[in-house]
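These are my notebook entries on one protein chain.

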Amino acid sequence: MIPLQDITHLIIDMDGVLYRGSEPLPRLGEFFACLRARPVPFILATNNATRTPEERAAQMARLGVSVSPAEIVVSGQAAARFLRREFPPGTRVHVFGMPALRRAVEEEGFVVADTDVRAVVASVDPEVTYAKVTRAMRLIRGGARFIATNLDPNIPAEDGPIPGSGSMVAMLATASEVQPMAVGKPEPFLYELALDRMGAPRATTAAVGDRVETDILGGQRAGLTTICVLSGAADRARAAAGGSDYIFADIGALLDAWQAALADRGRV
């Protein structure tokens, strides 16, 4: 844990931190204006692999904030980068998920295929069918490496939670009798990818999130200062029990405390 005024980089979760559904959380624009002005480099890092960074950037633009796709990391990219550590370019990989995940795998140089594959990468597929489950299960049972973008049981939607990657991965794990390697939060790999992209020092980087079991635990495993905001999944008791270094009501309260700490330093 470091003082707020010593933080130089941020890795920020998205849903529940910056917005809920299609609605921005209070003072979203002011928060990013401050980061740009200081400047404080940041990466938006999400376990949700249903959209590409370009689609996420467009989503932020609709909320009034300009963010480059290069400032966004999704768990599909982390899974694809993990594959690159394990297999050479050109390796055949089966994708159980949405087009965004397929694109991430292809961008790392792999061939997306349904037969003779070395790995199966699984995430959310809203168009899942019995045939898709059967194909992925048989590939895994046949020896393909089983990789999951994340194990989140559900993801938020405007009308309530919907099944997440973890739900579909659990189905494949039960059918194949093989447990997956999960890459997203709370595993540190997504944070490592964000740190590398920014060239950020671990000692002065903080992870901001609303889920203790993913965002905060992942930040801790990556050796980062952790900041839990209560605008999403966690309440104060859960955030404290999870060992969050800082707890704030929302990003507006974080911004106020951060600016106060910087002002105090300026007065010393």
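The labels come from DSSP runs numbered from the N terminus: helices (H or I) have at least four residues and strands (E) at least two.

Before going on, I noted the ground rules. The model is predicted, so I kept to pLDDT of at least 70 for local features and 80 or more for side-chain atom pairs, while totals for chains, interfaces and linings use all residues. Residues are numbered from 1 along each chain as its sequence is written, and side-chain values use heavy atoms, with hydrogens and water left out.

**Entry: helix H7**

I looked up how much of H7 is covered. Seven of its ten residues are buried, where buried means under 20% relative accessible area, exposed over 50%, and partly exposed in between (1.4 Å probe, protein chains only). The buried ones are Phe189, Leu190, Tyr191, Leu193, Ala194, Leu195 and Met198. I then asked what covers them, and the cover includes E1, strand E4 (42-46), strand E5 (72-74), H3, strand E13 (205-209) and helix H8 (212-221); contact here means heavy atoms within 4.5 Å.

**Entry: salt bridges**

I searched the whole structure and found 15 salt bridges. A salt bridge is a side-chain nitrogen of Lys or Arg within 4 Å of a carboxyl oxygen of Asp or Glu. One of them joins lysine 185 to aspartate 13, at 3.0 Å from N to O. Lysine 185 is in the loop between strand E12 (181-182) and helix H7 (189-198), and aspartate 13 is in the loop between strand E1 (9-12) and strand E2 (19-20), so this pair ties together parts 172 residues apart in sequence. Both lysine 185 and aspartate 13 are buried.

Next I looked at glutamate 108. Its salt bridge with arginine 81 has the closest N and O atoms 3.1 Å apart. Arginine 81 lies in helix H3 (residues 75-86) and glutamate 108 in the loop between helix H4 (99-107) and strand E7 (111-112), so parts 27 residues apart in sequence are tied together. Arginine 81 counts as partly exposed because its relative accessibility is 27%, and glutamate 108 counts as buried because its value is 13%.

Arginine 84 also forms a salt bridge with glutamate 108, with the closest N and O atoms 2.9 Å apart. Arginine 84 is in helix H3, 24 residues from glutamate 108. Arginine 84 is partly exposed, with a relative accessible area of 43%.

**Entry: helix H3**

I checked the length of H3. Its twelve residues should span 16 Å at 1.5 Å a residue, and the end C-alpha atoms are 17 Å apart, which agrees; the expected span is 1.5 Å times one less than the number of residues. The buried residues of H3 are Ser75, Gly76, Gln77, Ala78, Ala79, Ala80, Phe82 and Leu83.

**Entry: nonpolar cores**

A nonpolar core is a set of buried Ala, Val, Leu, Ile, Met, Phe, Trp, Tyr and Cys residues joined through side-chain atoms within 4.5 Å. I found 35 residues in the largest one, and those with the most contacts inside it are Leu10, Ile12, Leu18, Phe32, Leu44 and Met60. A second, separate core has 32 residues, among them Ala79, Ile147, Phe189 and Leu224.
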